[in-house]
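Have the model open while you read.

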Amino acid sequence: MQKRMAEFVVIFTSMRFAVSLLVLLAIASIIGTVLPQAQPYADYAHQFGPFWFAVFKSLGFYDVYGTPWFLAILAILVLSTASCLIRNIPTKIMGMVNIWRDHGRDGGKQDVYRTSLRLADATPVLASWMTAAGYEPRVRTTNTSASLVSVRGRFYGAGYILTHVAIVIFCVGAMYNANLPLKWKLWNGSIVPETNFSEPVSDVPQVSTLPLDNSAYRGNVTLPAGDSTDNAFVPSGNGYLVQPLPFVIYLHKFDITYYSNGMPKNFVSDIYIEDHRGQVLKRAVVRVNHPLSYRGVDIYQASFSDGGTLLRLDNHSLSNPGASPKHVTARMGDTLTVHDGYQVKLKSFSLYNVIPAKAAGVTASHASPFVDLGPSMTYIASTSSGQAAEFKTFVSPITRSGQNYFLQGVRTKQSQFQYLLIPVGPNGGINFFMSYLTQLKDDTANGTKLTMAVATTIFKKLVITSYPSIMANYRQQARLFQATMNAMTQLQAYPVPFIMTVHAYKHKWAAGLEVTKWPGTILLYIGSVLLVFGIMMSFYMPQRRVMAKLTAASDGTDVVITGHSSRSVNNIPDVIQSLYERLKTEGEGEHSE
């Protein structure tokens with residue numbers, strides 16, 4: 001039993017076992033880096049499908065760093081590394097303190113050379129040669145023998161100690177930041193995530209609210225410009241937990257700049273930290289990788305989104321195109337009930353839509369191959385039966401071949417957007433097109449057979465009454481007529497009986513902030529410093545030891561020179577050989593085995 005226990009201890013504290021654990025942690029870290037963590041389960045289900053979503057969920061891939069198996073690997077690595085330290089620290093310290101102890105490997109054959117020099121004369125001569133080779137020896141002598149030891153990189157063992165201590169500190173810091181008490185409460189059900197994302201914070205039950213003095217957390221805040229909050233939302237499974245903050249975050253202003261291709265270049269938040277009485281405690285401009293820190297809580301700039309843009313919408317009925325559009329005022333994020341019971345969810349608002357000019361069908365400038373299509377609104381229209389389609393409405397018209405078009409993207413399920421182009425008439429709206437649809441509908445309702453001649457006649461009459469400015473421009477009339485016919489063809493596959501356009505808007509940004517409290521981070525910093533020093537000492541301060549043993553003989557002195565190095569590539573054998581060659585060239589010694 002004792003033998004098996006001893007074998008287990010040797011394996012448990014071995015480098016091979018520690019490296020295996022580190023490989024597992026590296027694989028888990030790769031998963032946690034490639035796969036975004038702590039996202040809503042609906043996003044993962046949409047991305048991977050029901051089967052792989054369930055598989056990855058059971059493996060804990062959506063919160064790798066907080067899963068039991070990841071924390072178990074960390075704990076085992078801590079125990080293994082700590083046991084290894086306890087086992088080897090005395091030897092390492094003894095090797096640094098007592099240079100006369102040698103536990104190394106020989107760097108050359110332990111040959112015995114006899115020199116005719118007496119012990120008292122041979123000792124200083126050999127010490128001088130060792131010094132010339134770069135090894136300054138310490139000497140111990142007795143009446144019949146002498147020992148010379150020179151050690152370079154005496155504190156090489158400290159690198160081993162620092163490296164292993166750093167690993168222990170890293171793992172302890174990671175486990176502390178994982179907030180094990182919170183994990184335990186989630187596992188035993190004393191804390192339950194809230195799944196209603198539209199629930200006001202004031203109505204979230206206490207069982208879904210974390211304590212103010214929670215030791216560690218990472219939460220998210222979406223804060224519109226001009227608003228404030230004293231809560232963060234911690235993602236947890238398919239829901240969230242509310243984390244009260246010890247202060248109020250007020251977003252004074254949000255700014256964003258773009259590259260010429262439309263990608264965000266820089267986005268910053270001007271943030272005030274206030275107490276609950278409104279007194280400003282700290283103010284800072286937060287940008288990516290430049291957080292605001294206050295009382296152990298760090299606030300990072302993570303993203304940005306629409307902050308509740310105010311919209312004035314015009315709802316045009318396709319079933320009754322002659323009716324005046326209904327005007328609706330709403331904020332982004334609202335849900336509206338419109339034509340025939342359709343529910344319209346205002347999803348997002350984009351201030352810029354920069355795409356390749358070729359894709360937009362417009363002429364590119366010499367300065368940039370991209371074109372900005374301007375602001376757009378995205379909304380989802382659904383029926384009570386669950387059928388839904390997504391729409392992307394552009395505020396400003398685009399121009400193709402001299403004709404202006406209202407542009408609306410349409411897609412169902414997960415298909416790509418298909419764009420509907422409705423020609424823009426006078427005053428920049430689609431009223432001309434809707435009036436044309438009304439005339440066609442009225443004439444066909446009266447029994448008139450719809451032919452190309454009828455369609456052309458109705459079009460010309462409508463131009464005279466509603467668009468007289470193009471009467472003399474036959475080419476423009478032809479472009480408008482062709483665009484109108486094309487739009488009518490596209491409308492046959494249009495999934496809803498209405499078209500929504502943006503009449504006016506008042507844009508508002510919202511900053512996506514990440515609020516973290518990770519006291520264990522200081523341990524990670526300490527571990528990083530120790531690891532750097534430990535690696536530097538291990539790689540750049542190798543230990544080299546040269547030893548000589550001189551024993552008095554009747555006709556001279558017997559000399560044995562050995563040495564070792566902590567690195568496989570070293571000059572120890574060359575040094576030993578050169579010292580032996582010096583002995584040979586004296587011409588006074590005889591070599592004996």
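## A bent helix and what follows it

Just after helix α3, Gly-60 adopts a positive phi of about 80°. Before going on, a word on the model: it is predicted, local features need pLDDT of at least 70, side-chain atom pairs count only at pLDDT 80 or more, and totals for chains, interfaces and linings use all residues. Residues are numbered from 1 along each chain as its sequence is written, and side-chain values use heavy atoms, with hydrogens and water left out.

Helix α3 covers residues 41-59; helices here are DSSP runs (H or I, at least four residues) and strands are E runs of at least two, numbered from the N terminus. Its 19 residues put the end C-alpha atoms only 14 Å apart, short of the 27 Å a straight helix would reach at 1.5 Å a residue (expected span is 1.5 Å times one less than the number of residues). There's a kink of about 120° at Gly-49, shortly before Pro-50; the bend is the angle between axes fitted to the seven residues ending there and the seven starting there. Gly-49 is also buried, as are Tyr-41, Tyr-44, Phe-53 and Phe-56 of α3 (buried means under 20% relative accessible area, exposed over 50%, partly exposed in between, with a 1.4 Å probe and protein chains only).

## A crossing pair

Helices α9 (residues 431-445) and α11 (residues 474-491) pack at about 70°, with axes 11 Å apart. Axes are lines fitted to C-alpha atoms, for helices over the stretch in contact, and angles run from 0 to 180 degrees between N-to-C directions. The two are therefore roughly perpendicular (65 to 115 degrees; under 35 is roughly parallel, over 145 roughly antiparallel, the rest oblique). Among the residues making the contact are Phe-432 and Tyr-436 of α9 and Phe-481 and Met-488 of α11; contact means heavy atoms within 4.5 Å.

## A strand residue

Ser-303 sits in strand β10 (residues 297-306) and is partly exposed, at 36% relative accessible area. Leaving aside neighbours within four places in sequence, Ser-303 touches Phe-267, Ala-511 and Gly-512. Ser-303 and Ala-511 are 208 residues apart in sequence, yet 6.3 Å apart in space, C-alpha to C-alpha.
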